[in-house]
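I opened my notebook and went through a structure step by step. Here is what I looked up, in the order I looked.

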Amino acid sequence: MSAGEMTSLLLLILTALGAASLCGCTQAVVEENHALREQGVALCRAGKVKEAAALFNNKLAVDDKSADAHYGLATVYSAEFEEDKAIAEYDRAIELNPRLEEAYNDRGNEYLAKDLYDQAIADYTKAIGLGPQHYVHWYGRSCAYRKKGELARARMDATEAISRAPKYAPLYLCRARAEQGLNLSKEAQADLGIALSLPASSVYEFNTIAGYLWDVGNPSLAIKQYDKVIELEPKDHEAYSARSDCYKAMGDLAKARADLNLAARYAPEPDW
């Protein structure tokens with residue numbers, strides 16, 4: 001075996017070993033770190049942001065080279081709308097584990113929130129390269145392309161996402177928005193019909209459908225979706241505010257005012 005062949009073999013082995021080889025961890029430690037990350041992210045999604053932050057910071061206090069803990073802390077900052085801090089933690093996680101697929105995707109989300117479309121597209125593209133089977137990367141890149149004005153590419157990526165998750169309504173609305181921009185009104189209407197026919201169950205799905213319906217000038221149907229959001233999250237002040245706008249557009253000022261009052265009641269106190 002030549003020296004070149006030996007080098008190629010070693011590179012292949014290192015690639016196969018992935019993150020565990022890069023950080024010198026045993027498989028048990030890798031699994032422990034993944035479990036920590038999942039625990040913290042679950043806390044964050046449940047609204048227990050301080051508990052999640054404490055979990056990740058405690059881990060980093062004893063092991064600053066835990067890519068999973070840096071990734072988890074980034075999700076905490078993301079939940080608090082601290083985009084720059086989130087990006088810095090995603091940077092560190094990727095530095096420690098360059099194959100951490102979800103870190104590229106989620107950093108792309110932060111860039112998208114900051115209207116940095118080229119950076120977002122680059123990160124989603126990297127995530128697609130690492131996990132092309134996951135619809136969420138195609139979904140994110142479609143949104144970035146659409147906001148950048150590259151509507152044909154946005155439509156193609158939305159179609160790729162749909163092929164991987166054909167029962168997820170927001171993907172059809174993502175494609176419909178691109179189709180609207182391309183003056184493909186029949187196609188956009190067809191995608192809306194599919195989205196409304198699919199079973200939705202999450203606040204995100206109902207909010208996405210409601211937002212699209214509002215944008216295309218159908219507040220009456222949007223109200224039905226916001227009703228479902230409020231049924232799941234009775235103290236969601238943003239849902240009451242959005243539904244108030246719908247009632248106002250329909251001329252029902254009494255219900256609009258009632259929803260505004262509820263939005264004010266449930267709005268969080270300013271953290272000054």
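The entries below go from the whole chain down to single residues.

**Entry 1: ground rules.** I am working with a predicted model, where local features need pLDDT of at least 70, side-chain atom pairs count only at pLDDT 80 or more, and totals for chains, interfaces and linings use all residues. Residues are numbered from 1 along each chain as its sequence is written, and side-chain values use heavy atoms, with hydrogens and water left out.

**Entry 2: the whole chain.** I looked up the secondary structure and found 16 helices and zero strands. These are DSSP runs numbered from the N terminus (helices are H or I, at least four residues; strands are E, at least two). The chain has 272 residues, and 42% of them count as buried. Buried means under 20% relative accessible area, exposed means over 50%, and partly exposed lies in between (1.4 Å probe, protein chains only). I also checked contacts, meaning heavy atoms within 4.5 Å. Among contacts with a separation of 6 or more, 46% join residues 24 or more positions apart.

**Entry 3: a helix pair.** How do α7 and α9 pack? I found helix α7 (residues 101-113) and helix α9 (residues 135-148) at an angle of about 25°, with their axes 10 Å apart. The axes are lines fitted to C-alpha atoms, for helices over the stretch in contact, and angles run from 0 to 180 degrees between N-to-C directions. The two helices are therefore roughly parallel to each other. My cut-offs here: under 35 degrees is roughly parallel, over 145 roughly antiparallel, 65 to 115 roughly perpendicular, and the rest oblique.

I then listed who makes the contact: Glu101, Asn105 and Leu112 from α7, with Val136, His137, Gly140, Cys143, Ala144 and Lys147 from α9. By class, that is four nonpolar, three polar and two charged residues. For the classes, Ala, Val, Leu, Ile, Met, Phe, Trp, Tyr, Cys and Pro count as nonpolar, Asp, Glu, Lys and Arg as charged, and the others, Gly among them, as polar.

**Entry 4: cysteines.** A disulfide is a covalent bond between the sulfur atoms of two cysteines. The rule I used asks for a pair of cysteine sulfur atoms within 2.5 Å, and the count comes to zero disulfides.

**Entry 5: two positive phi values.** Phe81 is not a glycine, yet its phi is positive, near 60°. I found Phe81 in the loop between α5 (67-79) and α6 (83-96), exposed at 67% relative accessibility. Asp115 also has a positive phi near 60° without being a glycine. Asp115 sits in the loop between α7 and α8 (117-130) and is partly exposed, at 47%.

Entry 6: Is Asp157 buried or exposed? Asp157 belongs to helix α10 (residues 151-164) and counts as buried, at 5% relative accessibility. Leaving aside neighbours within four places in sequence, Asp157 touches Trp138, Arg141, Ser142 and Tyr145.

Arg265, in helix α16 (residues 253-266), is exposed, at 59%. I noted that Arg265 and His237 are 28 residues apart in sequence and 7.7 Å apart in space, C-alpha to C-alpha.
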